[in-house]
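Okay, thanks for coming, everyone. Let me put the model up, and then I'll walk you through a couple of strands and the ligand shell.

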Amino acid sequence: MDLIAVFGLGHIGLPTAALFAKAGFKVIGVDINPDIVNSINQGISPIIEPGLDELLVEVVKKGKLKATDDGEYAARKANIMIIVVPTPLGADKSSDLSAVISASRTISKGLKRGDLVIVESTVPPTTCEKIILPILEESGLKVSEDFGLVYTPERALPNNTLYEMTNNARVIGSIDEESAERAAALYDKITRGEIVKVKDIVTAEMVKLMENTYRDTNIALANELAIICESLGIDAIDAIKAANYHPRVNLHIPGPGVGGHCLSIDPYFIVEMAEARGVPARLIRTARQINEEMPYHVLQLIKDALNDTGVNIGDSNIGILGVAYKGNVADTRETPSKPLIDALLQEGAHVVVHDPYVKKEIIKAMGAEPVTLKEALRCDCTVLMTDHDEYRSIEPNMIQGKVFICARPILQPEKFKKKGIIFRGVGRP
Ligand SMILES: NC(=O)c1ccc[n+]([C@@H]2O[C@H](COP(=O)([O-])OP(=O)(O)OC[C@H]3O[C@@H](n4cnc5c(N)ncnc54)[C@H](O)[C@@H]3O)[C@@H](O)[C@H]2O)c1
């Protein structure tokens, strides 16, 4: 049976490694962070993901999954190497492929005849063939003749990762048919989802980016419509619900912006590649801009509402509900709450934060004070930024301040307005 090495034991790499181990493979997990390696070897998951703790204990106890920070050792031992390292944006919004390059170099040092290298990290189109492949061939081996290369994007949704990894369809693009067959047989061991083979690697790279760009662009459309509705005094949420009765319409839900490691980053990978080829990616770029401006629209809602109560934002206490980028997760990467907090602090406001999932140190690092929900609801203005389930049961009598800004449409405005609370929201009149 193949021995698998998974490079990068984060939100995607660790569940992937654990699922292959559960399927009976021997798996070596590689991470450059020794704390992550130690934690995994003790059977403790460094990330919060339903079901992962139990799965990890089981596969680590059975000796099926072992973590190490020695990537070269893992590459020498394994015959299938999976790259799932981070691919963030640099300061100039271009892709930062340093982790992918570094993992590829490590793999190249241990690459052997008969090995298969699989890339799961989200990358700009052509990265596998133009950047990763030449590094792997520094080993002296030739692709197709000596080793295989595959790109297969990951679509799992945080908080439902294990279910999605074992049920979602999997797209496979490869350098040759043999690599595709081998990867298809491999993923077939962990997923009931359909295996969809596309023509080549670059198509598979593009598929992943197209999926997230579709979602980001549609959220931008919903956000733009929401702001227009606000100016017309229309409830955008009601209007969107009604519009979605049209059998071919599926308007998305407006909100305070788009966070996370995928939607807010991946469209830029398309923009980067398109513009390098002289093709403007106008719609995709504009959609990003609209979504990135949403936290400042929320800031304006706060300012206007405080103004109506005669409170100056610079003298105000603001309570933020939620700094995770989406509901019921602890992930704060690219969260729209961060630019909002920065802007509020810049305005001189005192900012406190409640988030039932996010560690206090992370909140403090954002320049805000972590508080209880009760304390956050006592501020001059409370701003709901994340649709955590806990916030769905907020009642008017829990709010001690005058202003409540609901940037996610999870509460009914009328109920709050009736009680004299100034209630505003994205897309709410
Ligand atoms: N999180 C998601 O929901 C999601 C979904 C689909 C695709 N992806 C893509 O998957 C990739 C990984 O994302 P993630 O969310 O798991 O990232 P993550 O930050 O949670 O984890 C990445 C891990 O890789 C480790 N690492 C960094 N450089 C390394 C190296 N050279 N060798 C070995 N380990 C290294 C880090 O220490 C970290 O533990 C990214 O390209 C991302 O875009 C993520």
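Before the pairing, one term: two strands pair if DSSP finds at least two bridges between them. Helices (H or I, at least four residues) and strands (E, at least two) are DSSP runs too, numbered from the N terminus. And the housekeeping: residues are numbered from 1 along each chain as its sequence is written. This is a predicted model, so local features need pLDDT of at least 70 and side-chain atom pairs count only at pLDDT 80 or more, while totals for chains, interfaces and linings use all residues.

Ala 5 has Ile 28 as its bridge partner in β2.

Is β1 buried or exposed, then? Of its 5 residues, 4 are buried, so the rest of the structure largely encloses it. Buried here is 20 or more other C-beta atoms within 10 Å of a residue's own, with C-beta atoms placed from the backbone.

Now jump to strand β9, residues 317–321. Again 4 of the 5 residues are buried, so β9 is largely enclosed. It runs parallel to strand β10, residues 350–354, with 5 bridges, and Ile 318 stands opposite Val 351. The chain gets from β9 to β10 through helix α13, residues 337–346, in a right-handed β-α-β crossover. With strand β12, residues 381–384, β9 has 4 bridges, also parallel; there the partner of Ile 318 is Cys 381.

On to the ligand. There are 27 residues around it, and Gly 8, Gly 10, His 11, Ile 12 and Ser 121 come nearest; being near means a C-beta atom, placed from the backbone, within 6 Å. Which helix gives the most to that shell? That's α5, residues 98–110, with 3 residues.

Zooming out, the chain has 16 helices and 14 strands. Buried residues make up 48% of its 429 residues. The C-alpha atoms fill a box of roughly 75 × 50 × 40 Å along the principal axes.

Technical notes
A residue is buried if 20 or more other C-beta atoms lie within 10 Å of its own, exposed if 12 or fewer, and partly exposed in between; C-beta atoms are placed from the backbone. A crossover is right-handed if, with the strands pointing away from the viewer, the path from the first strand over the helix to the second runs clockwise.
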